[in-house]
Amino acid sequence: MPVPEPVVDVPAGDTKKGAKLFKAKCAQCHTIEKGGNVKQGPPLFGLIGRQSGTCDGFAYSEANKNSGIIWSDKHLYEYLLNPKKYIPGTKMVFAGIKKEKERADLIAYMTEMS
């Protein structure tokens, strides 16, 4: 059963800044280009609109597979603040991004790449 989107306004982001943030904070574990490989984390191309825990070739946690999240900018905005709090039991070891503008920039880039 899908989880409703959080009631949050996602600020407009800067895709160029988001690309730099992705390279600095995400690219060690994730790819974002079409056909990108599984690394420590799943490929993120096409993430927006995808059911959580469903990318072929990645061994997701049960928590992620059963979260009921359909990824959107609003879910990502809250998830990226504190992944382990948003999906308790996730394997993602990333601490999160506290700055609202950085999250917005990263989401703008990820949306463009979807």
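**Exercise 1.** Work out why Glu62 and Lys65 are separated by about one helical turn.

*Solution.* Glu62 and Lys65 lie 3 residues apart in helix 2 (residues 62-65), so about one helical turn separates them. Helices here are DSSP runs of H or I with at least four residues, numbered from the N terminus. Next, the side chains of Glu62 and Lys65 form a salt bridge at 2.9 Å, N to O. A salt bridge is a side-chain nitrogen of Lys or Arg within 4 Å of a carboxyl oxygen of Asp or Glu. Finally, Lys65 is partly exposed at 38% relative accessibility; buried means under 20% relative accessible area, exposed over 50%, and partly exposed in between (1.4 Å probe, protein chains only).

The model is predicted: local features need pLDDT of at least 70, side-chain atom pairs count only at pLDDT 80 or more, and totals for chains, interfaces and linings use all residues. Residues are numbered from 1 along each chain as its sequence is written, and side-chain values use heavy atoms, leaving out hydrogens and water.

**Exercise 2.** Describe the salt bridge between Asp105 and Lys101.

*Solution.* The N to O distance is 2.8 Å. Both residues belong to helix 5, 4 residues apart, so they are separated by about one helical turn. Asp105 is buried at 3%, whereas Lys101 is partly exposed at 43%. The count by this rule is 2 salt bridges.

**Exercise 3.** Describe the largest nonpolar core.

*Solution.* This core has 19 residues, and Phe22, Trp71, Leu106 and Met110 have the most contacts inside it. A nonpolar core joins buried Ala, Val, Leu, Ile, Met, Phe, Trp, Tyr and Cys residues through side-chain atoms within 4.5 Å. Helix 5 gives the most to this core, with 4 residues.

Technical notes
Helices (H or I, at least four residues) and strands (E, at least two) are DSSP runs, numbered from the N terminus.
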